[in-house]
Amino acid sequence: MKKINVKVHSSEINPECTVVDVEGFLDAYTVAELEETFNNLIKEKKFKLIINLAKLDYISSAGLGTFMGVIDEIRDNNGDIVLTNLSPKIYKVFDLLGFSELFQIVETETAAVAKFAEAN
Amino acid sequence: MNKLIIKSCQTKTCTKVLLVHMENTLDETLVSQLDPVWTLLMKNQARHLILDFQTMEHYTPFGLGLLIGLINSLPLHISDLWVAHCSQKLKQDLQKYDPKFFNKVHETSDEDLVGLLPLKIHSLVDHFTLLLNSSDVISGQPFTLRIEAKDQYDSLLPEYTGIPHLMASRGMISPTLLPQMQNGVWEGKVIVSGPGLVTLRVWDDLIEGQHAMTVREEGEKISFPFSIQCPGCGKSNVVSKADVTRCVTCNYIYFVDLRGHVIPLKPGLPQADGFLRQLNFKIPSDINYLNLVRNFIVGIAREEKINEEQISQIEMALDEALANVVEHAYAYDSFQDVEINIRLHPEDMEIIITDQGRAFNSDKTPLPNLKEHIEQRRVGGLGRYLMKTLMDEVEYRRLHHTNELRMLKRFSSRSES
């Protein structure tokens, strides 16, 4: 069983946004793969990121740290990270550490795309 | 009179400490009394040895030389040797005899000694004795067993508070894990299945004992399939052969023998003072293992019907703690060991994580200010914050070369099955 699966594709709702599906778990071991994905996206100048956590079973402080590590660079480039489809368990972790204020968290991809439209 | 007083102690982490008080004169006769101490160390029944010289008045060069020789002959796995309350002269002489002495042996001050010793000190326990209330033991029928902790002179040691395991050489036995001994004794009902010649064995971290008996069968053999009442829920179960079975209704595990006797294999309702369960294992200091440990603790917690929210909290706290050990204690060296000790009580779960890495934690460091951390985009320290928030108690101590982190989670209502 694979521990983490990160899939990147452009949003069908708005192709300007990139959707990153994270499946599995984000702990100190698996964060490396997500970090690499973010680095690649930044290189490719894709800064409007929708992170779909529907199939994320677990996240630790290391996982949260990955998002925190790139958020400034992404926002500096007029982009953002919007998180979607968080399970209650995952949301609680974000909330516990105050990350629910640092990141935009919405229910669906549609809502996320709308957030980007608002920002424009 | 020359005396050697040997005390065996157990600290919170079940680390065995041998404290040896030397009295009067250290000469060759006193040193020869150290033999049982060395035997215990060799059998790996103690990890730490403290030689306390406070009440030693004199020593002969020969005695000292012999002692140093003994210390040098210890196997490498005895990593923790201490001397306490050495006079200046003694220290000088030890160094004179063996210039490398204080490379292998630490010296402890009063404070350290107090910190190392647990609240209770036991004399040198030697074995368990087993006593049955009757010589006629019938398969599947309870009899009274009395277990006593004794010293080498077969005297009862009322200060002893071990947690014994029970085993039978043949057939089934229940219970297999006893609650903590009181006043050096445990007495209670036991059931064995045998049949025939059965040796009962009692053992714990330090000592053991055994007793041979004949288990008689009584009653007619039944024919299978056979319907019995589950000892847990009372519902009927059909058993197809003499075997260990699990109740289809409540998952209670029991053994049915050839005569239809039902022997419960769970120890029954936990007693207030005992552990429900203790789990102890070591993992490599490799972040690849975090996931496996998380799965394990979640599995155990679900078995114990702890509510899901609390399971998630325990899972996360344990993960953060282990990640910290790998990163800070071992600097990502994945070839070291991390020891995990889980003690499950009826009201709470205690997790103790021990490693031999660098000191990296302190109860004295204040908890990170979340706001600042996030503003400064700092991840480090979030783990500690999480642990303190998710668990009811978090304590850290540094014991010589060991980091010990203890976390406790008190259960809110457990889910009904």
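**A guided tour of chains A and B**

Begin by selecting strand β10 (residues 143-151) and strand β13 (residues 185-192) of chain B, which run antiparallel and are joined by six bridges. The model on display is predicted. Within this pair, Leu145(B) faces Gly188(B), which belongs to β13(B).

Strands of a sheet pair through backbone hydrogen bonds, either parallel or antiparallel.

Now turn to the largest nonpolar core, which holds 68 residues. Select Leu26(A), Ile51(A), Ala317(B), Ala321(B), Leu322(B), Val325(B) and Ile353(B), the residues that touch the most other members. Helix α8 (residues 308-329) of chain B contributes the most to this core, with 10 residues.

Centre the view on Val325(B). Leaving aside residues up to four places away in sequence, Val325(B) touches Ser285(B), Tyr330(B), Val338(B), Ile353(B), Asp355(B) and Gly357(B). A second, separate core comprises 27 residues, including Leu166(B), Ile173(B), Val192(B) and Ile207(B).

Finally, display the contact between the chains, to which chain B gives 18 residues and chain A 16 residues. On the side of chain B that touches chain A, at least two residues come from each of α7 (290-303), α8, α9 (370-375) and α10 (382-390) of chain B. The largest share, five residues, is supplied by α8(B). Coloured by class, this side of chain B shows nine nonpolar, five polar and four charged residues.

Definitions and conventions: Residues are numbered from 1 along each chain as its sequence is written. Chains are lettered from A and ligands numbered from 1 in the order in which they are written. This is a predicted model: local features need pLDDT of at least 70, side-chain atom pairs count only at pLDDT 80 or more; totals for chains, interfaces and linings use all residues. A nonpolar core is a set of buried Ala, Val, Leu, Ile, Met, Phe, Trp, Tyr and Cys residues joined through C-beta atoms within 7 Å. A residue is buried if 20 or more other C-beta atoms lie within 10 Å of its own, exposed if 12 or fewer, and partly exposed in between; C-beta atoms are placed from the backbone. Helices (H or I, at least four residues) and strands (E, at least two) are DSSP runs, numbered from the N terminus. Two residues are in contact if their C-beta atoms, placed from the backbone, lie within 7 Å. Ala, Val, Leu, Ile, Met, Phe, Trp, Tyr, Cys and Pro count as nonpolar, Asp, Glu, Lys and Arg as charged, and the others, Gly among them, as polar. Two strands pair if DSSP finds at least two bridges between them.
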